[in-house]
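Thanks for coming. I will go through one structure this morning, a few places at a time.

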Amino acid sequence: MNFRRGQKVEIYQRSADEMWAPYMDRFVGCHGIIVDPDTAINDPDALVEVSIDGHGTHRLPQDCLRLLDA
Amino acid sequence: MEHAACPVNATLVELAAAVEAGRLTLPRSRRLAEEILDLLRDVAQGRAGTDHLAALDALAEELRQSDDSPGCQAAAALAGALLADHREVLASHIRTGNCAAGECLRLAPAPCQMACPAGIDIPTYITLIGEGRDDEAIAVIRRDNPFPWVCGLVCTRPCEFMCVRGRIDQPVSIKFLKAFAAEKALSDRRYVNPPQAADKGQRVCIVGAGPGGMTAAYYLALKGYGVTVLEALPMAGGMMMVGIPRYRLPREVIDREVAMLEALGVRFRFNTRLGRDVSLEQLRAEGFDAFLFAIGAHKSFKLNIPGEDDYPQVIEAIDFLRRVALGERHMPGRRVVVIGGGNVAIDAARTSLRLGSEEVTIAYRRTRHEMPADEEEVEQAEEEGVHFAFLTVPVAVQGAAGRVTGLRCLRAEMVERPGSSRKSPVPIEGSDFDLEVDSVIPAIGQRIDIDCLSGGCDLTWTRRNTIEVNLSTMETSEPGIFAVGDAVTGPATVVEAIGGGKRAAEAIDRHLLGIPQPKLPPVPVRRGRCAQIEVPASTKMILKKPEMPLLNLERRRTTFQQVELGYSENSVREEARRCLRCDICLRCGRCVEICRDKMQIDALQLGYFDFDHPVTTDFRRTEERCILCGACAANCPTGAMRIEDRNGERILSICGTVLNRQRLETCQSCGAVIGPGRYLEYVCQRTDPHLPSPLGRKLCDACARRAKAAPSVDTMPV
């Protein structure tokens, strides 16, 4: 999976990834915009930077994201 | 789901409900509760001072002793619990003017500020720039980011993606306004460091002079710590200096901002690599009290194809850019292929052109649509003559007599994989072709060089080979050792590293002071409360984002001069006026609902309120329909919507955008202001359409009553 800048996404589930911190649980259900995708190798394992509406900008594992405007 | 509720707001709501429900029966206890409510409203609205806490303590105690009734005791317990259990939150509201949960409406940061990894108070500095107060704007920015000029040129600008103005037309050009203000303030010699705290007598060692390390150095130096920065390169800047080409970020920009750190007493040790020139043990023996690793990600991933390691003309992009930045300006080859689709690939290609390469091709295995590089960078590269070979997968580097002669590639097609709706590139069998090149530059990503941290400390690493930290504090598994930047996140952005550096500085300070660390990452803090700039609705709609003037193409293809030349001063001031001031208007939609549903006027076409489904906005429509009743302003929870009588006019504005203004009518009898004509008509139509004003005159209520009553009074028998 690869995301592009400017795409709207939903954080639709918790991630099992080690980079998922407990405070990120409150992001589940929130919508956001991809602001810095995996910039080089389109790695499905890479962390992507998402600006979440009302919750700031965070680097999240891709398995918790789904596209809203696919 | 965990919900971060604001205890200040929760107490305010509960206590107000108790007072309203009459649960406090004695007048004295009711008065005390109302005083507590007043003070809490001050806190929630960002108006509280340093003495509010003490006053709240005293009032809560007085309330507790005033009456033994259950209602009063419950109210006192409520206030007491807030003061005892959430004192830090209260103090934070007072000190920072920020409500972390965003529930205290007047204090919630704007979406752009929330989006900034460094948490810069964007609406405040944009307003200051709009007023020509560039040095004050820079002071606001540097509260959260010590590199405004750098970020003004190379930030990935998450703020602009969240900019609410983008739901109307285009986002405010936040990045370039910042660059302008920094340049202007420096040029005017008004770019100064804030006052420094007294020397704390403790020393911090930072490994790596990139954006993360230097940000931490700046804030620690301001807090009064002695800071030493070790850097393997001969100059400060890290990836900003050796990873971003000079035509995007001139070296002078970094040098000037680094000089500000030196002015604070930050000491740099260049050409000093941890693990090679100095060990952690030696540094510990020097007496440093804490360490911050900000070593970046300077190693490249390999292509893992035949021939990759056989020829000197195969140059990893990050090495190539570093060598050029350090002064080795040799053409990599006459015909160059760069492999990758990110910003580093674009930078390597454009740098090759500038060094004289005749033909530069970027080979990317997906389509243009999937390229992760910035769109502007891709466009500029194309303008300069860089070719793109999409759906191209390299399979072998070819060469003869020790020199590269070509790159064997396969065509690819985008195919949906089973179980996934997204397409991936799959090489097409038998589609081999050769690109005739004499240099190959792989740019498929970076990783961190873990060798330099292999001795002397026992850090925990993630499976991505990055340093594992607590993301709230950037503290590693080793007490007293912190880490930030690409070493933690993997290759990321300058502004993320800056945000991490600021967070680490705060955490190091707490660590050295022995204060408990926070459980959550910090929330952005409002740094000011600027008045709104008044702009007519038509101007607000008409103003367009200015085009960035670029260096002419010939110079772009031959020199490393800065490509983006910057906005003119006039453009900057106008662009700042496009800001919607979302730090004041929270887009709750109450004004639109009241106008449409209660007043049935529907004069507010503010389609930008919804994040997911914005619709058309036209501030000018208000003037056509609005009766200036003021219902929207009366119901606005933040004061964003304002109605005021000024110079014989009634003016309605939202965050400074003047939506409607009409002349005020006066009573023809006593001269009192009776409102704008359209409002009077609206009232007349609804109250008594068949009854014209007495004698056809416009009168205030009192005079109209008097005029109507006069005949009855005159004829009434006494």
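I start with B:Asn271, which sits in the loop between strand 3 (267-269) and helix 15 (280-285) of chain B. Helices (H or I, at least four residues) and strands (E, at least two) are DSSP runs, numbered from the N terminus.

Before going on, two remarks on what is shown. This is a predicted model, in which local features need pLDDT of at least 70 and side-chain atom pairs count only at pLDDT 80 or more, while totals for chains, interfaces and linings use all residues. Residues are numbered from 1 along each chain as its sequence is written, and chains are lettered from A and ligands numbered from 1 in the order in which they are written.

Back to B:Asn271. Although not a glycine, B:Asn271 has a positive phi of about 50 degrees. As background, most residues other than glycine have a negative phi. Is B:Asn271 buried or exposed? B:Asn271 is exposed, because 11 other C-beta atoms lie within 10 Å. The cut-offs are these: buried means 20 or more other C-beta atoms within 10 Å of the residue's own, exposed means 12 or fewer, and partly exposed is in between, with C-beta atoms placed from the backbone.

Another residue with a positive phi is B:Ala401, at about 55 degrees, and B:Ala401 is not a glycine either. Its loop runs between strand 9 (392-400) and strand 10 (403-416) of chain B. B:Ala401 counts as exposed, with 5 C-beta neighbours inside 10 Å.

B:Arg697 has 13 C-beta neighbours inside 10 Å and so counts as partly exposed. From B:Arg697 to B:Arg165 the separation is 532 residues in sequence and 46 Å in space, C-alpha to C-alpha.

Now a helix pair. The axes of helix 17 (residues 343-354) and helix 18 (residues 375-384) of chain B come within 10 Å and cross at roughly 25 degrees. Axes here are lines fitted to C-alpha atoms, for helices over the stretch in contact, and angles run from 0 to 180 degrees between N-to-C directions. Helix 17 of chain B is therefore roughly parallel to helix 18 of chain B, a label for angles under 35 degrees.

Which residues make the contact? Helix 17 of chain B brings B:Asn343, B:Ile346, B:Ala349, B:Arg350 and B:Leu353, and helix 18 of chain B brings B:Glu377, B:Val378, B:Ala381 and B:Glu384. Two residues are in contact if their C-beta atoms, placed from the backbone, lie within 7 Å. By class, this helix contact has 5 nonpolar, 1 polar and 3 charged residues. Ala, Val, Leu, Ile, Met, Phe, Trp, Tyr, Cys and Pro count as nonpolar, Asp, Glu, Lys and Arg as charged, and the others, Gly among them, as polar.

Last, chain A. Chain A has 0 helices and 5 strands, and buried residues make up 47% of its 70 residues. Among its contacts between residues at least 6 apart in sequence, 52% join residues at least 24 apart.

How many residues of chain A are in contact with chain B? There are 31, and they meet 37 residues of chain B. Strand 2 (31-36), strand 3 (47-52) and strand 4 (56-61) of chain A each supply at least two residues of that side. Strand 2 of chain A gives the most, with 4 residues. The side of chain A that touches chain B has 12 nonpolar, 10 polar and 9 charged residues.

Terms used. Angles under 35 degrees count as roughly parallel, over 145 as roughly antiparallel, 65 to 115 as roughly perpendicular and the rest as oblique.
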